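Subject: Model for you to look over

Hello,

Here is the structure I promised to pass on. Please open it, then read my notes below.

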Amino acid sequence: MTELHLWLRHETRSTERRTPVVPDDARRLVAAGVRLTVEDSPQRVFPASRYEAAGARIVPAGTWVSAPPQTVVLGLKELPDDPDRLPHRHILFGHAYKEQPGAEALLTRFAAGGGALLDLEYLVDDAGRRLAAFGFWAGYLGAALAVLHHRGSLTAPLHPTDREQLDRTLRAAPGDADFTALVVGALGRSGRGALAAFTTAGVDPVRWDLAETRDLDRAALLAHDVLVNCVLATTPVPPFVREEDLDDPARRLRTLCDVTCDVGSPLNVLPVYDRTTEWSDPVRRLRKEPPLDLIAIDNLPSLLPSESSADFSAALTPWLLEFRTDAGPWARCLDRYRRACHAYGLTEGRPGRD
Ligand SMILES: NC(=O)c1ccc[n+]([C@@H]2O[C@H](COP(=O)([O-])OP(=O)(O)OC[C@H]3O[C@@H](n4cnc5c(N)ncnc54)[C@H](O)[C@@H]3O)[C@@H](O)[C@H]2O)c1
């Protein structure tokens, strides 16, 4: 039996319909003795009534600010700008350890309040592998949008949907699958998602991962009609596509979907664009002749909120059931937070109290 009091908060961003814990997993947590409080949220893909039926206490949105101090607040994305001091331990994607805009301000709020950021991106096993991630559905959506665009059947703006509906549009009509596709990073989470979407679309893509790019054959890469990039680069490698390749009349590549979206990073393998595309306008033409269109959306899983939440929640829940910050993955998260505070010269938050 754990004594964890977990508080699932409403997401600040109005388009964010995902949740890190779905009602079925809420039931598992409650059954295991977790005290679960769930904020009502108008946009969450699962209504509060489903959590209530699972045994959670429902409270108004944003009330985590006055939760008891030992509460662990759980969400996905950014916190609201208030309050200035954050006394709780928060589990979320903080985007605060790579000098992102707002990183120091967020860490300062935690240090001032004595709380701690337990960043989901840094919830890793002993070998450093992520324990919960949204990659699969990012890749699925990335490949699906690339296929739909390549066939001329992508309509904007994009809206959150479900897999059944997406797959209906994706299934090939005769002749639709008449193009070549390449997935790079095919062995990873998003790579596997991209392969699954191509399968639904009746397309059998070429699969590349580290072994195939070690000695990069750029001409072979550019000889595919559609490219879906799913790599997680950790060291700089030669770019897959360069500015000069865009002007190459021999280029066959027409649709480029960058799931990775490392735009602006020194690790970017596609340094041929300078800003991501949006749900409102998902495709940008990079070249007129020969044509090359880019899709680079950095919140793809939010387009399938139910499926991506269920997948993420299934991976996260076992670690919530094992929540402790003195050893294991949550201790690594806490340590990462402390090191980040230290780097900014901030006094660290209080240690975990479980
Ligand atoms: N656009 C979005 O909405 C979205 C959502 C989730 C994740 N992502 C991003 O997608 C990327 C992939 O995430 P993931 O969860 O699939 O990672 P992952 O670690 O599961 O897989 C990455 C794969 O890339 C391969 N790889 C690394 N360097 C390579 C190289 N030089 N050449 C070929 N293959 C290489 C790895 O071997 C691995 O198989 C990350 O950058 C992640 O931040 C984007």
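Which of the 28 residues around the ligand come nearest? They are Gly-135, Ala-138, Gly-185, Gly-188 and Ser-190. A residue counts as near if its C-beta atom, placed from the backbone, lies within 6 Å of the molecule.

Two points on reading this. This is a predicted model, so local features need pLDDT of at least 70 and side-chain atom pairs count only at pLDDT 80 or more, while totals for chains, interfaces and linings use all residues. Residues are numbered from 1 along each chain as its sequence is written.

**Ligand shell**

The shell divides into 17 nonpolar, eight polar and three charged residues. Here Ala, Val, Leu, Ile, Met, Phe, Trp, Tyr, Cys and Pro count as nonpolar, Asp, Glu, Lys and Arg as charged, and the others, Gly among them, as polar. Helices α4 (135–150), α6 (189–200) and α7 (210–213) each supply at least two shell residues. The most come from α6, with three. Helices (H or I, at least four residues) and strands (E, at least two) are DSSP runs, numbered from the N terminus.

**Strand β7**

Strand β7 spans residues 181–184 and is covered on both faces. Ala-181 and Val-183 are buried on one side, Leu-182 and Val-184 on the other. Buried means 20 or more other C-beta atoms within 10 Å of a residue's own; exposed means 12 or fewer; partly exposed is in between, with C-beta atoms placed from the backbone. In a regular strand the side chains alternate between the two faces of the sheet.

Four bridges join β7 to β9 (226–229), and the two run parallel. Ala-181 has Val-226 as its bridge partner in β9. Three bridges join β7 to β8 (206–208), also parallel. Strands pair if DSSP finds at least two bridges between them. Val-183 is partnered by Arg-207 in β8. From β7 the chain crosses through α6 to β8, a right-handed β-α-β crossover. Right-handed means that, with the strands pointing away from the viewer, the path from the first strand over the helix to the second runs clockwise.

**Helix α1**

In α1 (23–31), Pro-23, Asp-25, Ala-26 and Leu-29 are buried. They lie on the same side of α1, because they cover an arc of only 155° around the axis. That arc is taken from the directions from the helix axis to the C-beta atoms. Gly-33 follows α1 and has a positive phi, near 100°.

Best wishes
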